[in-house]
Amino acid sequence: MTVPLIARIGALVLATTAFYGYVGQMVPQKEVQPPAEVVLKSDLTTADMVKVGREIMEGKGLCLTCHTIGKSGALRFPDLAGVDGRAKSRVAGLSDVEYFAQSMYEPWAFIVPGFNPGMPPINKPPVGLTDQEILCVIAYLQTLGGTPTVTLQTKHHYNSGTTAAPPSQGVSPGGTQPEAPLKGEKR
Amino acid sequence: MKIPIVLAVAVAFGLLRFLRVKLLIWAAAWWIGIYILLRFGFTAPIPSSVITIYMGIVSIAILAYVSSSQERRDEISGPLIRFMTEKRYTLLLAVAVVAIPALAAANVYVRMNVSIEPPLFSRTVHPASPADITVHDKRIDLDAGENPFRHLETSNPQEFRKHVENGRRVYYQNCVFCHGDTMSANGMFVHGLDPIPTNFHDTIAQLRETFLFWRISKGGPGLPDEGGPWDTAMPAWEKFLQEDEMWDAVLFLYDFTGQRPRGREEVATK
Amino acid sequence: MTNGIMNGAMNRRVLILLGPVAGIVMFLGVVWMASVFVGHNEYKEPYRAPAATADATPRAEGVAAEKAAAETKAKATPYTEAEYRRFPGVGSRVAIWSVAQLHLLFAAFVLAVPMFAFIIEVIGYKTGDERYDRLAHEFTNLLSVSFSLTATFGAFLTFMLIILYPKFTNYLMSVFSPTFLPYVLLFFFEAFFLYTYYYGWGKFHPLVHLGLGLGLNVVGTAIMMIANAWLTFMMSPRGISDTGAVLSVRDAIFNYTWLPINVHRFIANIAFGGSVAAAYAAFKFLQAETDEERAHYDWMGYIGNFVAISAFLPLPFAGYWLAKEIYAFSQTLGLTMMGGAFSWLFIIQAVLIGNLFLAANYYLWLGMGRVEGVQPLQKFIKYLLIGITLCFAVWATPRSIIATVSEIRAMGGSAHPILGYLGVMSAKNTAVNILILTTFMSFLLYRRTGKVATVAWAKIGHAAQLAIFATAAFIVIFLGVYGYFVEATVRIRLSVPQVSSVLMAMVSITAIDVFLFRGATRTGEVRWGRIPRISQYVLIFIAVTFTWLMGLMGYVRSGLRQHWHVYGVVRDTSPDAFTPTLGFATKVVSVTVLEFFLLIGVVFWIASLHDRPDFQRQAKTTRRTGAHEAELT
């Protein structure tokens, strides 16, 4: 007896779908969690800020999706290795802190020669870092080719109005809640 | 590419052509030939995940070819049907019936029987250097600095050779155990190291001399975060060597491998 | 199949028995797959006896106390507006995902079929060839049931949105409030045109009927464009303030990705509809009992597949435009798509599209069997196949390779010295352009089976075609290689000359071909229906692959927003805000595709219930019904 047509077609449909489903299982499986809301302590030391800044750059800030640290060749976005040395002198009249702040609050105000404008304002959604978080990122950026000087009280052009740091509650010394998956991935 | 393997496959194909074999054998030959080329034909072996993708595509393509016309289908199915129906093949058929699931089982066994490997961390092999470092209480500018003896190459070749020879001495007294006689990362301690030491033939032409100096003087402990996880065994040589000795060793590395250091870029205008 | 004809009656009885059984088995299989796939996603509250009842209290009392406590608690709770509600079992996201995808698949089908039915009807009207008219009518057979299914799923989707995501749905409706009434109105028109077009077949003057078809298409496209405004707004919002207040509905509609999505969907719908219609023809072909039927359905499948592949060829270009607009709207969004969490999805996509190209070419090669005297052309197949396989392999080469530690050590670094070059965009653009060129060549080869050009300049013509083809291939490959040596800003722009040279080649070669084969002598007739049965399974395979591809790309378009309902404005705070693994996503897509094919099977079945107005067919149907009756008595 021959296999009925409908069963053959059903088997073909099932096999094809199963095959593609199988291909889907073969690729790396990564679940991306939404960025956790993290409260920063107001008395972070500069050294702590560097650590937090690095974590923000990898996670919530999405910086390292585009920027590289220590890579050369045909890049789409400026490499950040040793960036502090360049930041001090790149725009006349701007200190490195001011320059970093400008490139995050108003990224299109100055475009590094040879690159296309493409960076969104970091203090607005979808990234939406707070002023404190941006200060932490600046602290980390300063360690690339320099020494960090900023504290959470540092004033620059873009945060001159606000001083109040968010309340510190239930925060670990690193400034982040320990269970918060900042990198936002798990296997 | 590994020439002998490529040649062997080409010769085998020539032989098949000469023998005028049937389509079924051709199909098998193509599959096996491509597999051998992918698996063994490259000097830098292709990871098995990619080979699986490629062989999947090749399998589909071969199936498509052999079934794309009535003649080819007959040519393929004829021998198979004869094999399955004719009396004289009964024994072989029985063997095949047993062998196919056995092969599948063997495959499962091989796949399950992998050796234990450490988890994989992605690390940047050449992380960015800091702008300056301090060695023996002396500040060394890595961005703008130069090898203090490099200029001798043109101005005073004799003196330059002396520095290179000194570098050779430093290398063979300290570095050779890991980086090897020929500087291709094949020293006697290599089997115990992960990551393996740098192969100087490959990479140093892309690097500046100050970068080498930084890596030699600060070693594994001086690696920044993105160079981590910190598990390279490179010692911080500033604790054992003079500054000049390290610069000489750098000269010797370029001299021995015949590479030129990367020139200084206009960092400020980048 | 002589056996089949002899035992026709016997087989039919078996079929009648087995058909429903197979259907039920498939259904159970799908349910089982679904439960296995999503089972471990389900959150199960571990059972714990409440502390109050855990001691020696008699069971009945404990249960009563629990019930009373729950009641008082329910009374005490004030009414609050829910932000999210949970769908039992699979969770809200999977539920809405599946329903939206099914709605979309049927909608795509309902929009696409009138398009090519209309075009085929125009051809039939122009040439006066009755066959085309009948073919167009047969395509529309599938429409009315699909239309009601689309509407049903649309209503289902709306209810699910309101139930599961009340707050967000409310927001979306408030932003787009002016668009909903026109949408409903258009739906009325759509129904009017569809039913008059279908039931009025042959009842009006052909031009009036064509007018109805045109109206149907215009209204259908308008409906799609309105719905696209809602979903593209979620992806690339415009016309609202940072906090989400509406500034301009006009801007919200004409957002960044609206137009590219319209174009992309328009083309993709045609490709998808064509492939499903071809699958229908394949199904009928396999069922057919006479040679005329087989010839007819072979031809119908060929046309359906032709429509699908012709629409499919420009699709990658529309896709590039869409991707470009996404980058223009937000680099972050673009990089999430191509470099971040979704980069591996595009390897899966490459596998699917590679399979599509391979299967489409394969179908054409099989189709050469319809024509006498194709032996000289058969030998080209080998080279076309090698080209396709190479391009497929390049396209499926991942950018970041999965390798074990020992493999990485053997490679000398996490980037392979050779494969590293194949994983980047330059290589992939080149591969897809060459794939398109090769498929085009297959078409051309198929076109000229059984024909010999007789014009005086035949030799020059062939040489010119070959030269154009070689030039286009050379330009594409040259630019692809050149891309490795230039800055990124230049490299991105290289894809434009690549694409345009391929398009130019396709247009000019076709133009030459048309004149070259004017008045060509035929060495063999095209004998429709003389094609191996396996080719029909290929058509079904193509349809499944297309459907799966749509499911996958629908996922990436929607999943791209990650933890945002409206990207950058309205945050998703539901438990489903995370981005699932690709493995999970592909499972959901697989189950949805199976559900779609179960339903489309029902559509095919209902379509086969129709009495056909054609007199000749009437006779045949009566005969068949007679056979059925004979069996039943």
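Mentor: Happy to! Let's begin at Val113(C): leaving aside neighbours within four places in sequence, Val113(C) is in contact with Phe139(C), Thr140(C), Leu142(C), Leu143(C), Gly273(C) and Ala277(C). Contact here means that the C-beta atoms of two residues, placed from the backbone, lie within 7 Å. Do keep in mind that this is a predicted model, where local features need pLDDT of at least 70 and side-chain atom pairs count only at pLDDT 80 or more, while totals for chains, interfaces and linings use all residues. Residues are numbered from 1 along each chain as its sequence is written, and chains are lettered from A and ligands numbered from 1 in the order in which they are written.

Together with Ile542(C), Val113(C) has the most contacts inside the largest nonpolar core, a set of 185 residues. Helix H5 (residues 92-127) of chain C gives the most to this core, 22 residues. Another core lies apart from it, with 34 residues that include Ala87(A), Tyr99(A), Phe100(A) and Ile134(A). A nonpolar core joins buried Ala, Val, Leu, Ile, Met, Phe, Trp, Tyr and Cys residues through C-beta atoms within 7 Å; buried means 20 or more other C-beta atoms within 10 Å of a residue's own, with C-beta atoms placed from the backbone.

Now for the chain around Val113(C). Chain C has 26 helices and four strands, taken as DSSP runs numbered from the N terminus (helices H or I, at least four residues; strands E, at least two). Of its 633 residues, 42% count as buried. Among the contacts in chain C with a separation of 6 or more, 81% come from residues 24 or more positions apart.

Next, the neighbours of chain C. Its contact with chain A takes 54 residues from chain C and 41 from chain A. On the chain A side, helix H1 (5-26), strand E1 (31-32) and helix H3 (63-66) each give two or more residues, and H1(A) has the largest share, 16 residues. That side divides into 25 nonpolar, twelve polar and four charged residues, where Ala, Val, Leu, Ile, Met, Phe, Trp, Tyr, Cys and Pro are nonpolar, Asp, Glu, Lys and Arg charged, and the others, Gly among them, polar.

H1(A) packs on helix H25 (residues 582-609) of chain C at an angle of about 170°, with the axes 8 Å apart. The axes are lines fitted to C-alpha atoms over the stretch in contact, and angles run from 0 to 180 degrees between N-to-C directions. The two helices are therefore roughly antiparallel, the word for angles over 145 degrees. Residues of H1(A) that meet H25(C) include Val13(A), Leu14(A), Tyr20(A) and Gly24(A), and their partners include Leu582(C), Val593(C), Leu594(C) and Phe597(C). By class, this helix pair brings nine nonpolar, seven polar and one charged residues into contact.

With chain B, 33 residues of chain C touch 25 residues of chain B. On the chain C side, H16 (345-367), H18 (380-395) and H19 (405-411) each supply at least two residues, and H19(C) gives the most, six. The chain C side has 20 nonpolar, eleven polar and two charged residues.

Finally, a stop inside chain B: nine of the ten residues of helix H9 (residues 209-218) are buried, so H9(B) is largely enclosed by the rest of the structure. Its buried residues, including Phe213(B) and Trp214(B), pack against strand E1 (132-135) and helix H10 (243-257) of chain B. Gly219(B) follows H9(B), with a positive phi near 60°.

How values were computed:
Angles under 35 degrees count as roughly parallel, over 145 as roughly antiparallel, 65 to 115 as roughly perpendicular and the rest as oblique. A residue is buried if 20 or more other C-beta atoms lie within 10 Å of its own, exposed if 12 or fewer, and partly exposed in between; C-beta atoms are placed from the backbone.
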